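Please look over the sequence and the coordinates shown here before reading on.

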Amino acid sequence: MIAGTSTVNYNFSVSRSYETLSIPTSTICRPYPAACATSKTASRSTGTDAAPAITGSNNVPQSYYDNARRTVEPFFVVGISTDATYGVTQKNPVCVGGATSNGVRNQQRYLNALRGPKGEEISYHRRGSCCPFKTPKGLLEGMGMLDAYEITWAGNDKPMLLYINLYDEGPLRAPVGLTVMQP
């Protein structure tokens, strides 16, 4: 850190998209219960689950995500979570693992396995990143960020926001309100 500043800036790339992560070091202090295999710490600047402070690149064209839906093999997701917070809150994200080697692909594989409440095909796009947390698999001095994806389907008036952790692995289930693709 440069003397006299309170922000650490990192530049990193993930799957050809470049982002700048700026985390005020004084705000990384509020612990959340562990989700997945790590002990998370989120910043006060992350907002709330209802109004998250999402930052980063969200200007990838929808055609990129549409192509991923057609070409990326989905994960086998075993069922629907019984926890109403699973995947839809910052405190309980979906953990797909893979970090830098397969993290983005694992996110796509997970999302491709999801369906709307009546089996409708979903559409998704990444809104950005939020919610810094500690993880031994983090790229930035043991820190990671959650990715926020907006999910829509035919007949849905309000998009669903899903939080995905690409650093840590955990059981894969569909969030309450969604279903999974049948093999």
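**Salt bridges and an enclosed strand**

With a relative accessibility of 52%, E121 counts as exposed, where exposed means over 50% relative accessible area, buried under 20%, and partly exposed in between (1.4 Å probe, protein chains only). This is a predicted model, in which local features need pLDDT of at least 70 and side-chain atom pairs count only at pLDDT 80 or more, while totals for chains, interfaces and linings use all residues. Residues are numbered from 1 along each chain as its sequence is written, and side-chain values use heavy atoms, with hydrogens and water left out.

**Salt bridges**

- Four salt bridges are counted, taking a salt bridge to be a side-chain nitrogen of Lys or Arg within 4 Å of a carboxyl oxygen of Asp or Glu.
- One of them joins the side chains of R69 and E121 at 3.2 Å, N to O, and this pair links distant parts of the chain, since R69 belongs to helix α1 whereas E121 sits in the loop between β6 (114-115) and β7 (122-134), 52 residues apart.
- R69 also meets D66 in a salt bridge of 2.7 Å, N to O, and these two residues both lie in helix α1 (residues 62-71), three residues apart, about one turn of the helix.
- R127 is partly exposed, with a relative accessible area of 30%.
- Through shared partners, salt bridges join D66, R69 and E121 into one network.

- Helices (H or I, at least four residues) and strands (E, at least two) are DSSP runs, numbered from the N terminus.
- Six of the six residues of strand β9 (residues 160-165) are buried, so the strand is largely enclosed by the rest of the structure.
- Both faces of β9 are covered, with M160, L162 and I164 buried on one side and L161, Y163 and N165 buried on the other.
- β8 and β9 pair in the antiparallel sense over five bridges, where pairing requires that DSSP finds at least two bridges between two strands, and E150 has L161 in β9 as its bridge partner.
- In the hairpin of β8 and β9, which has six residues between the strands, G155 takes a positive phi near 85 degrees.
- Strand β5 (residues 94-95) pairs with β9 in the parallel sense over two bridges, and V94 stands opposite I164 in β9.
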